[in-house]
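Start by looking at the structure below.

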Amino acid sequence: MDFDLNEEQRLLKDSIDGLLTDSYDFESRKKYMKEKGGWSQAVWLKLAEQGLLGLPFSEADGGFGGGGVETMIVMEALGKALVLEPYLATVVIGGGFLRHAGTDAQKAAHVPGIIDGSKTLAFAQLEKNSRYDLFDVATTAKKKGDGYIIDGEKFVVLNGENAETLIVTARTKGDRRDKTGIGVFLVPANAKGVTRKSYPTQDGLHAADISFTGVEIGADAVLGNPDDSLALIERVVDEARIALCAEAVGLMDESLKTTVEYIKTRKQFGVAIGSFQSLQHRASDMFVAAEQARSMSMFATMAGDFEDAKERSNAIAAAKVQIGKSLKFVGQQAIQLHGGIGMTMEAKIGHYFKRLTMIENSFGDTDYHQRRVADAGGLI
């Protein structure tokens, strides 16, 4: 099997690597964290100018028709640079819902704004007791005429502070943990009855807890089938998991590079600690773990095109397990080899470890996905 990038994909990789090298050193990132919403609008517009925000959308919708490999390339690069901008929330997740379920009118209303950088989205899914179960939805969408009234609360909504449009899961019928009766709705963030409480997360991103109190939306706000959209949600979240796997690989690459550079220069007993064989072995083990993660990220990317939903889901769960194991090992070893300085806000390695830790807990942690694989008859 050929894993080499084609010419267009190599150009894409060179393009985004060059952009982030020029715009996203660690000191710049610390400045961007202080901007409104915790990320840089200027950098976001640069991503738009490069065509990266339109990458997965079809040419008919104004995009470039990129696939999973192209998204993997971008997410790896974003991970290496520890990028704060809401590419996952807006392009991967928000764009995923529009690509898979949006009507022509919905795409026309939202996709151009995503592509030119003037609009961002947020996925409001997590609830107080739902944990990682996508079907556990207490927020309600009650029918009123042709539209709906949404009531409920969502938590840790990434980019929830800045997003112009919220993609909200809500129950149209049934009990809280029923797998049917779940709809997906486009809700303007400034709609009457929407209240947002924002805060920074451990990895430097920003999220919001959002309450919906009698929020009225029209029939044109419905994405897909309002009574049976769990399969749609699972598909888009699987794509988000694939993207997170790729981002984690980029983070691990840079963590390993930073750690090796550090142990080559840090001296103890009059010599660089990188000359100690035991630390060389640790760095080698970190490399192996990162490469295992890379292989599984590629596998997950290919699995994203599987037609069978169960086969796709099982493959991506297995990838998330290996990614979780690898990122924990690479991150912890990186911190230990740096010593106490690795725990400070001034050292970038700690920021990489925080982001890796958040990825491990996003859309299902390692234990959750290991149980999924075991239940499907696989072995980890």
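## Basis

Buried means under 20% relative accessible area, exposed over 50%, and partly exposed in between, with a 1.4 Å probe and protein chains only. Helices (H or I, at least four residues) and strands (E, at least two) are DSSP runs, numbered from the N terminus.

This is a predicted model: local features need pLDDT of at least 70, side-chain atom pairs count only at pLDDT 80 or more, and totals for chains, interfaces and linings use all residues. Residues are numbered from 1 along each chain as its sequence is written, and side-chain values use heavy atoms, without hydrogens or water.

## Helix 4

Eleven of the 14 residues of helix 4 are buried, so the rest of the structure largely encloses it. Among the buried ones are Glu70, Met72, Ile73, Glu76 and Leu78. Their cover includes helix 1 (7–23), helix 2 (26–32), helix 5 (87–101), helix 7 (230–265), helix 8 (277–303) and helix 10 (348–360); contact means heavy atoms within 4.5 Å.

The length of helix 4 (residues 68–81) fits expectation: at 1.5 Å a residue it should span 20 Å, and its end C-alpha atoms are 20 Å apart. The expected span is 1.5 Å times one less than the number of residues. Leucine 82 follows helix 4, with a positive phi near 60°.

## Cavities

The structure holds two cavities of 30 Å³ or more. On a 1 Å grid over the protein atoms alone, a cavity is a set of points where a 1.4 Å probe fits but cannot get out; a pocket is an open set with protein on both sides within 12 Å along at least five of seven lines; lining residues have an atom within 4 Å of a point.

The largest cavity has a volume of about 230 Å³. Its lining has 19 residues, with Leu84, Glu85, Pro86, Tyr87 and Leu205 nearest the centre. Helix 5 gives the most, three residues, and helix 4 supplies at least two. The second largest cavity has a volume of about 30 Å³. Its lining is Arg29, Leu82, Val83, Asp203, Leu205, Glu247 and Arg355.

## Largest pocket

The largest pocket contains about 530 Å³ of space. Of its 21 lining residues, Leu126, Val156, Asn361, Ser362 and Phe363 are the closest to its centre. Strand 3 gives the most to the lining, with four residues. Helix 5 and helix 10 each supply at least two.

Technical notes. Points joined across faces, edges and corners; volume = space filled by probe spheres on them.
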